[in-house]
Amino acid sequence: MAFESLPGVKVVSHATEQTFIIGDFFAVYLKGDEIPTIYRWAEVKSISESRADFTVCLSGITYKIMKTCIPDEKKQLNLRGVFEGAVHFNPAIEYNHPKRILPPKYLYLNGNMNEAPYIVNGVYREREINFSNVILLNTRLGRIFKIVAFLSIITVFIILHFTIEGGIRHNWFWFIPISVFSGGIAVMLIYLICAIIANYHFAYLFKNDVAINEEITFAVSSDGFSAVESHLHTGCEFIPWMEANYFIETNSVFIVYKHKKAVFWLPKRLFSKEIQTEISNFIHARLVQK
């Protein structure tokens with residue numbers, strides 16, 4: 001299965017007096033037990049990740065693994081990788097997790113990415129992701145901006161007509177610029193609100209997803225693409241192009257989408273200008289660009 005080479009993880013919970021061994025199986029030791037309770041992944045009903053814990057549900061029993069029991073962030077990401085590898089191999093497991101920048105590992109297939117024509121290590125920067133989010137949000141809301149501007153212009157024009165002595169007949173020559181200016185201000189206010197929302201969104205991800213702080217290995221090949229924490233990268237997993245629907249290119253990043261959700265963010269600054277053009281053409285040959 002994908003990421004099957006990841007080492008198993010041992011987590012000790014002193015609060016619940018439980019020890020978890022998560023790897024090829026899901027095993028739980030209770031205090032004083034010499035033999036653990038061992039579950040096959042096929043027995044797991046659901047796995048959920050929240051800001052505070054991982055929750056594993058089986059028939060009639062639920063286990064919570066608090067993230068405070070895993071102070072090492074790399075180990076925490078290793079555990080997430082093991083869970084998501086199990087979900088890939090057992091698609092009947094219901095899996096829930098918060099929004100993230102990195103694609104979930106259950107999307108990956110086994111394959112060779114070590115010889116990918118475009119492979120590089122780097123980190124995400126908050127500014128470039130925020131800027132791209134603002135651009136994407138405003139692109140989607142372009143039609144709404146036009147409607148807001150039009151309605152604002154008409155509304156202000158009508159208000160001026162009924163509140164200013166002489167109405168349109170005597171004042172139309174300065175009613176028009178005032179109305180147009182008001183429409184522009186209305187659109188600018190919406191733009192600023194969108195920018196604040198986009199900035200808050202990524203700031204939230206930075207606080208809640210420890211993977212953002214890690215070095216990432218990015219790869220793009222004819223088979224697919226990948227973005228994996230460098231300490232978990234094996235070069236043996238990729239997401240096939242058929243899992244994606246289209247891509248968008250901004251000044252800062254390439255963004256690949258699946259069902260209107262971004263699954264792959266590739267920072268352009270990690271490559272030279274010439275290579276950026278090559279990658280753009282390379283992806284465009286495989287996905288529709290929007």
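Strands β2 and β3 form a hairpin with 3 residues between them. This is a predicted model, in which local features need pLDDT of at least 70 and side-chain atom pairs count only at pLDDT 80 or more, while totals for chains, interfaces and linings use all residues. Residues are numbered from 1 along each chain as its sequence is written, and side-chain values use heavy atoms, with hydrogens and water left out.

Helices (H or I, at least four residues) and strands (E, at least two) are DSSP runs numbered from the N terminus; two strands pair if DSSP finds at least two bridges between them. Strand β2 (residues 18-22) is antiparallel to strand β3 (residues 26-30), with 5 bridges between them. Within this pair, Phe20 stands opposite Val28 of β3. β3 also pairs in the antiparallel sense with strand β4 (residues 37-39), over 3 bridges, and Ala27 has Ile38 in β4 as its bridge partner. The β3-β4 hairpin has 6 residues between its strands, and Gly32 in the turn has a positive phi of about 90°.

An open sheet of 4 strands runs in the order β16-β15-β14-β17, with mixed pairing. Strands β16 (261-267) and β17 (288-289) stand at the edges with a single partner strand each, so one side of each has no neighbour in the sheet. Strand β14 (residues 246-249) and strand β15 (residues 253-258) run antiparallel and are joined by 4 bridges. Glu249 is placed opposite Phe254 in β15.

Contacts of Ile65 (heavy atoms within 4.5 Å), not counting residues up to four places away in sequence, include Val11, Phe20, Phe54 and Leu79.

Buried means under 20% relative accessible area, exposed over 50%, and partly exposed in between (1.4 Å probe, protein chains only). Ile154, in helix α3 (residues 142-163), is partly exposed at 38% relative accessible area.

The structure holds 12 salt bridges, each defined as a side-chain nitrogen of Lys or Arg within 4 Å of a carboxyl oxygen of Asp or Glu. Three of these pairs are tabulated.

| Pair | N to O distance |
|---|---|
| Lys64 and Asp53 | 3.8 Å |
| Arg100 and Glu84 | 2.2 Å |
| Lys268 and Glu249 | 2.8 Å |

In the salt bridge between Lys64 and Asp53, Lys64 lies in strand β7 (residues 61-66) and Asp53 in strand β6 (residues 53-58), so the pair ties together parts 11 residues apart in sequence. Lys64 is partly exposed at 43% relative accessibility, whereas Asp53 is buried at 9%.

For the salt bridge of Arg100 with Glu84, Arg100 is in the loop between β8 (94-96) and β9 (109-110) and Glu84 in helix α1, 16 residues apart. Both Arg100 and Glu84 are buried.

In the salt bridge of Lys268 with Glu249, the partners are 19 residues apart, with Lys268 in the loop between β16 and α5 (273-284) and Glu249 in strand β14. Lys268 is buried at 8% relative accessible area, and Glu249 is partly exposed at 28%. Salt bridges that share partners join Glu49, Lys67, Arg80, Glu84, Arg100 and Asp209 into one network.
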